[in-house]
Amino acid sequence: MDYRQVQLEKGMYQVSGKTFSHVLEELDPSEQYLGTQLEGLDAFERQLKRFDIKVSGRASSAVEKFFSTSNSAALFPEYVKRAILSGVGEMDILNQLIATKTYIDSLDYRSITSVPSEDDKKLKKVAEGAQIPTTTVKTKENLISLNKRGRILAASYEAIRFQKLDLFTVTLRQIGSQIAKQQLSDAVNVLIYGDGNQNPAEEVTLLGQDLTYADLLNLWSKFEEFELNTLLVDSKAMLKLLGMSEFKDPATGLNFQATGKLSTPLGANLLRSSVVPEQYLIALDKKCALEMVSAGDVSVEYDKLIDRQLERAAITAITGFAKIFPDACKVMRVGD
């Protein structure tokens with residue numbers, strides 16, 4: 001089927017287990033455009049081209065261009081969703097804390113765990129005919145809590161119909177970043193207090209009254225079986241760290257100027273966020289500490305958006321977080 005012949009309607013958002021883009025791609029596979037001028041565009045982007053809707057650039061279309069026909073109006077919720085997801089993806093801190101992402105199609109989820117005993121951790125020699133040591137993997141006792149996070153899009157169609165899509169995209173990306181910040185807060189809460197399965201992070205106390213480099217070395221030494229590769233702090237803890245002479249290495253400054261990322265003398269990435277409790281320092285092995293669980297993708301009220309009822313259109317995402325290896329995360333309070 002040619003992309004200009006695809007019939008677009010609300011029902012494409014209601015197919016169980018599939019997104020609008022998946023349904024559209026099945027009707028208009030991208031493979032049939034290999035070697036043509038449309039190669040590299042997905043099915044949704046071809047529909048934008050079909051209706052001459054430009055979402056960015058100097059010739060960006062107005063919002064009302066989506067509603068020129070009933071077919072093109074069906075594209076509007078997908079545009080909103082993609083713009084919001086781009087804002088979620090810009091929350092790079094969350095991505096730097098997650099070891100793996102799990103997508104589920106229900107609201108109940110039990111993660112798995114493996115907590116070896118001290119005897120299990122020893123690399124014993126296995127004699128011929130002897131039993132090989134066992135690593136036990138089991139489901140956790142309690143369900144992982146999933147939280148619905150979202151925002152209400154409160155704007156009348158009359159207020160935005162003449163606005164350019166590139167400007168409207170900026171607003172939608174901001175909604176996405178706000179959702180991601182709420183998810184980051186949930187992730188931090190699980191890292192510190194656990195996921196409801198009696199697995200809070202071990203708290204490492206200061207050696208003295210004030211945070212020193214010796215405290216960081218002590219914290220690093222607690223990661224015997226894991227790697228301390230990420231430090232997440234609030235602004236006050238960040239200032240204490242950057243005030244240490246060990247953090248004033250010229251190479252660290254040059255790396256920050258070149259990449260915008262701070263590293264520590266311990267080799268760990270240094271991240272700052274306002275959602276971290278004041279004066280807290282969270283240390284983790286990002287390869288082993290945290291699992292992100294999502295019940296579907298970002299959800300938009302497609303029927304309201306198609307019918308131009310933007311005033312109370314909800315945009316939501318259902319996610320939760322689970323500890324993978326509890327010992328892969330430690331916390332330290334660096335002040336009162």
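**Exercise 1.** Does Asp 2 count as buried, partly exposed or exposed, and what is its relative accessibility?

*Solution.* Start with the cut-offs: buried means under 20% relative accessible area, exposed over 50%, and partly exposed in between (1.4 Å probe, protein chains only). Asp 2 has 25% relative accessibility, so this residue counts as partly exposed. Before going on, note that this is a predicted model, where local features need pLDDT of at least 70, side-chain atom pairs count only at pLDDT 80 or more, and totals for chains, interfaces and linings use all residues. Residues are numbered from 1 along each chain as its sequence is written, and side-chain values use heavy atoms, leaving out hydrogens and water.

**Exercise 2.** Find the salt-bridge partner of Glu 203.

*Solution.* Recall the rule: a salt bridge is a side-chain nitrogen of Lys or Arg within 4 Å of a carboxyl oxygen of Asp or Glu. The partner is Arg 333, with the closest N and O atoms 3.0 Å apart. Strands (E, at least two residues) and helices (H or I, at least four) are DSSP runs, numbered from the N terminus.

**Exercise 3.** Work out which residues of helix α9 (residues 213–221) are buried, and where they lie on the helix.

*Solution.* The buried residues are Asp 215, Leu 216 and Leu 219. Looking down the axis of α9, they fall within an arc of 100° (taken from the directions from the helix axis to the C-beta atoms), so they line one face of the helix.
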